[in-house]
Amino acid sequence: MHEKINNTLSLSVSPLPTRGWASGFLGMLIFSGSLPATRVAVLEFDPFFLTAARAVIAALLAGGALLTVRHARPQGHDWLGLCLVAIGVVLGFPLLTALALQHTTSAHSLVYIGLLPLATACFGVLRGGERPKVAFWLFSITGAALVAGFALSNGSASAWQGDALMVAAVLLCGLGYAEGAVLTRRLGGWQVISWALVVSLPLSAVATAFTFPAALSGITAQAWISLSYVSLFSMWIGFIFWYRGLALGGIAAVGQLQLLQPFFGLMLAGLVLHEEVRVSMIAVMLGVLVCVFGAKRFSR
């Protein structure tokens, strides 16, 4: 009997690559709108208020979901991981990208999102115990190089402050993704991001109060819509799909889907911010797709 239960539990946590990649792809699509939306919002909101407010709004929704469903609470050893998730993706990445977008365009900043798969894979090795094959790293590095080369050749020049902030944002985000994926195997995807949001709520609530705009009358509808998007989708719903994808399909493997995020982000930037989308983007995307499927093939 015990053996049957153990086998059932083993099957329930075993990787399910197809479902993992499908869930991860949906999460990546949602995240693709984050930088364009942040760029719109940060033109009218203070970056510190934007970061804190989006975390508070998402935390209230997440807390309500946790109270309604009443899943088991995290254990003692889970809280450190949840704090790392909060530092990486709830506070660190949103704040640093919002600050960076004061110095650069969303198109240029997207080059660094193409480096997220490498950061996520490296932290997946350190925190998740994954050991991808050498061919995986070759495809991953090639895909990152394609993204970097395209964005650097087509993006506008930016101040070094924006570049440095984006590098720091990528490192924190990679840590938050990998740590969240590890916790998702025990707690579930939506529970991990929800608890991380709740953990950060005291700090984000105080920060929201101190940075609240003096006047709201001059803020446009576009800024409010952008704030709503990054609060609801970028900060909560996207992570539900993304963490589930990383947990089921593998942190390093599914993380390669982020190589596609800059291109979907550029499409949205073209529609929302009226930035030019060139035919060369499509050609590079095809090369990136080859790298994504190659990395998937050699991820285990």
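Residues are taken as buried when their relative accessible area is under 20%. By this criterion, 52% of the 300 residues of the protein are buried. The model is predicted.

The fold is helical. The protein has 14 helices and 0 strands. Read along the sequence, the pattern is α-α-α-α-α-α-α-α-α-α-α-α-α-α. Contacts reach across the sequence. Among those between residues at least 6 apart, 90% join residues at least 24 apart. The accessible surface of the protein amounts to about 13,400 Å². Carbon and sulfur atoms account for 71% of this surface.

Aromatic pairing was examined next. The structure contains 12 aromatic pairs. One of them is formed by Phe 31 and Trp 242. Their ring centres are 6.2 Å apart, with 70° between the planes, and the pair is edge-to-face. This pair links distant parts of the chain. Phe 31 belongs to helix 2 (residues 17-32), and Trp 242 belongs to helix 11 (residues 221-249). The two residues are 211 apart in the chain. Both Phe 31 and Trp 242 are buried.

A further pair involves Phe 49 and Phe 212. Their ring centres lie 5.5 Å apart and their planes meet at 90°, so this pair is edge-to-face. The cut-off for that class is over 60 degrees. Phe 49 and Phe 212 also link distant parts of the chain, being 163 residues apart. Phe 49 sits in helix 4 (residues 47-69). Phe 212 sits in the loop between helix 10 (189-211) and helix 11. Phe 49 counts as buried because its relative accessibility is 3%. Phe 212 has 47% relative accessibility and therefore counts as partly exposed.

Ring pairs also build a cluster. Its members are Phe 31, Tyr 177, Phe 239, Trp 242 and Tyr 243. The edge-to-face pair of Phe 31 and Trp 242 thus has both of its residues in this cluster.

Phe 25, Leu 26, Leu 29 and Phe 241 make a nonpolar surface patch of about 290 Å². The largest share of the patch comes from helix 2, with 3 residues. Leu 29 is placed in helix 2. At 31% relative accessibility, Leu 29 counts as partly exposed.

Technical notes:
Residues are numbered from 1 along each chain as its sequence is written. This is a predicted model: local features need pLDDT of at least 70, side-chain atom pairs count only at pLDDT 80 or more; totals for chains, interfaces and linings use all residues. Side-chain values use heavy atoms; hydrogens and water are left out. Rings of Phe, Tyr and Trp (its six-membered ring) pair if their centres lie within 6.5 Å; planes under 30 degrees apart count as stacked, over 60 as edge-to-face and the rest as tilted. Helices (H or I, at least four residues) and strands (E, at least two) are DSSP runs, numbered from the N terminus. Buried means under 20% relative accessible area, exposed over 50%, partly exposed in between (1.4 Å probe, protein chains only). Patches are made of residues with over 30% relative accessible area and no salt bridge: like charges are joined within 9 Å, nonpolar side chains (Val, Leu, Ile, Met, Phe, Trp, Tyr) within 5 Å. Accessible areas come from the Shrake-Rupley method with a 1.4 Å probe; for residues, only the protein chains shown count as cover. A salt bridge is a side-chain nitrogen of Lys or Arg within 4 Å of a carboxyl oxygen of Asp or Glu. Contact means heavy atoms within 4.5 Å.
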